[in-house]
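Trainee: Please take a close look at one part of this model for me, the charged side chains that pair up. I am new to it, and a plain account will do.

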Amino acid sequence: MASALSYVCKFKSFVILFATPLLLLPLIILMPTKFVRCAYVIILMATYWCTEVIPLAVTSLMPALLFPLFKILDSKQVCVQYMKDTNVLFLGGLIVAVAVERWNLHKRIALRTLLWVGTKPAQLMLGFMGATAFLSMWISNTATTAMMVPIVEAVLQQMEATSAAAEAGLGALELVDKGKTSELPGSQVVFEGPAMGQRESCDRKSMCKAMTLCVCYAASIGGTATLTGTGPNVVLLGQMHELFPDSKDTVNFASWFGFAFPNMLIMLLLAWLWLQCIFMGFNFRRSWGCGLERSSQKAAYRVLQEEYRKLGPFSFAEVNVLLCFLLLVGLWFSRDPGFMPGWVSVAWVEGETKYASDATVAVFVAMLLFVVPSQKPKFNFCSQTEEERKTPFYPPALLDWKVTQEKVPWGIVLLLGGGFALAKGCEVSGLSEWMGKQMEPLQVLPPAAITLILSLLIAVFTECTSNVATTTLFLPIFASMSRSIGLNPLYVMLPCTLSASFAFMLPVATPPNAIVFAYGHLKVSDMVKTGLMMNIIGVFCVFLAVNTWGRVIFDLDDFPDWANVTHIET
């Protein structure tokens, strides 16, 4: 039986790759309508995305091949979806993240935060989570986790070494003879060395699990706070522009931050409390360092100080990257904040047209990084040596194209483009309208119940497939459903977008989980039991956000005018 199973597994990819399109063929032969042909492409892509029999980015190119062949969209209409305004926004953010990583600014911010927070277990965990979440708002969750976990590992190893040295010192002391001890009046002390050592070892293992898990969870949570922090957020923005062109700037950097940032803070705090509870048993005396040897705390602090010392003084390049980063964030927030006129209204608005978008800002700052110098220009021409005269006056820029080309994950840009092409195909073929009508019976349920059910569905589905692919597949369906039952589309799309980032249960669910799992402190069962509650916490927080401040920011109680237009070509 085992050999038969292994034989099947051996040919699994081959069977899925070639059998799936053949098995789906009767669908388009028996019902040769445009929306059925579009459904064929979507089901095929969903199967390939979930099983990853070919790379995700390659699967994302299938609309460019199949939509023209199936007469759903012509080639020009499909190909233009792969480099839309939203893709350029995300690409600009990725290039800025590359500059931050290249000059180790992210590591300096993380270490400085940890030194400021403190080294008691609870403080240390909160510091790791805060630093990771902040960094993953701006750079990729994977890069943040890959940078933070070695720091966590170094701190844990040093604390372990210090504890071992302390135990060895205690073991060298001669204990009072058992017979003499029993003669002491009122003596009820029993020395249980092995049991105490076993308990301390178990405590250390639990701390290792908590410290490593907190990093991957904080990376996933932190990415939700900004529009460019993670792929699903960018997919939402693109789908809004594609499916609801009249929505204008309903979702922009400022409005998303106002909605998602408080949700991120609440989730981060609850995640911290949950990890404390499950791994440290709510023993706040020990968690806050009252029962921990000061030598371990000092050892952890020394490790952090040593890592920070290795970075050296704040370099000219780091200062320039930081200034470019602050400029990017400042321009994003002030472009069109909503509660007051932004800088875009000064010269870049004509009637209903806003010429400058968040993508314009991202490209501007990305281009600056290829211009701003990484070293101070030398103006002392008279006192220069012969060698200095031969070097160019203008120093190398903060970024060069070779580094950018290597570091930018180009696959995600194709993945986003494939999603937008699918959304366009659903809209033009009439598949979105048909699926929306099939979901009209949901009208009998309260809107809050619909949101909760769909959020849970996405949170489960994203454990098995890419979060970007999940959002790409489901958002057009949910948008059509909302429109058909007279519900504000954002009331469903917002929570489902955030829920797509809640892949906490499995090592393979998301790259940060895989990185943490690879260090060997965790079992799959640890991740499942901890991640299940994390999923519940995430869905609860999103449900709270949508039904409180989200209602005010996006006016979710009313069905908007921009959702009335269907823009469907038959």
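Mentor: Arg-102 has a relative accessibility of 34% and so counts as partly exposed; that class lies between buried, under 20% relative accessible area, and exposed, over 50%, for a 1.4 Å probe and protein chains only. The model is predicted, so local features need a pLDDT of at least 70 and side-chain atom pairs 80 or more, while totals for chains, interfaces and linings use all residues. Residues are numbered from 1 along each chain as its sequence is written, and side-chain values use heavy atoms, with hydrogens and water left out.

The side chain of Arg-102 forms a salt bridge with that of Asp-400, with N and O 3.6 Å apart. The term means a side-chain nitrogen of Lys or Arg within 4 Å of a carboxyl oxygen of Asp or Glu. Arg-102 sits in helix H7 and Asp-400 in the loop between helix H20 (386-390) and helix H21 (401-407), so this pair links parts of the chain 298 residues apart. Helices are DSSP runs of H or I with at least four residues, numbered from the N terminus. Asp-400 is also partly exposed, at 32% relative accessible area.

By the salt-bridge rule, the count comes to 11. Another of these pairs joins the side chains of Glu-242 and Lys-84, at 3.0 Å from N to O. Glu-242 is buried, because its relative accessible area is 6%.

Glu-242 has a further partner in Lys-424, the closest N and O atoms being 3.5 Å apart. Lys-424 lies in helix H22 (residues 410-429) and Glu-242 in helix H13, so this bridge ties together parts 182 residues apart in sequence. Lys-424 has 17% relative accessibility and therefore counts as buried. Taken together, Lys-84, Glu-242 and Lys-424 are linked in a network of salt bridges.

For contrast, here is a contact between two helices. Residues Cys-38, Val-41, Leu-44, Met-45 and Tyr-48 of H3 meet Met-62, Pro-63, Leu-66 and Phe-67 of H5, where contact means heavy atoms within 4.5 Å. The residues of this contact divide into nine nonpolar, no polar and no charged; Ala, Val, Leu, Ile, Met, Phe, Trp, Tyr, Cys and Pro count as nonpolar, Asp, Glu, Lys and Arg as charged, and the others, Gly among them, as polar.
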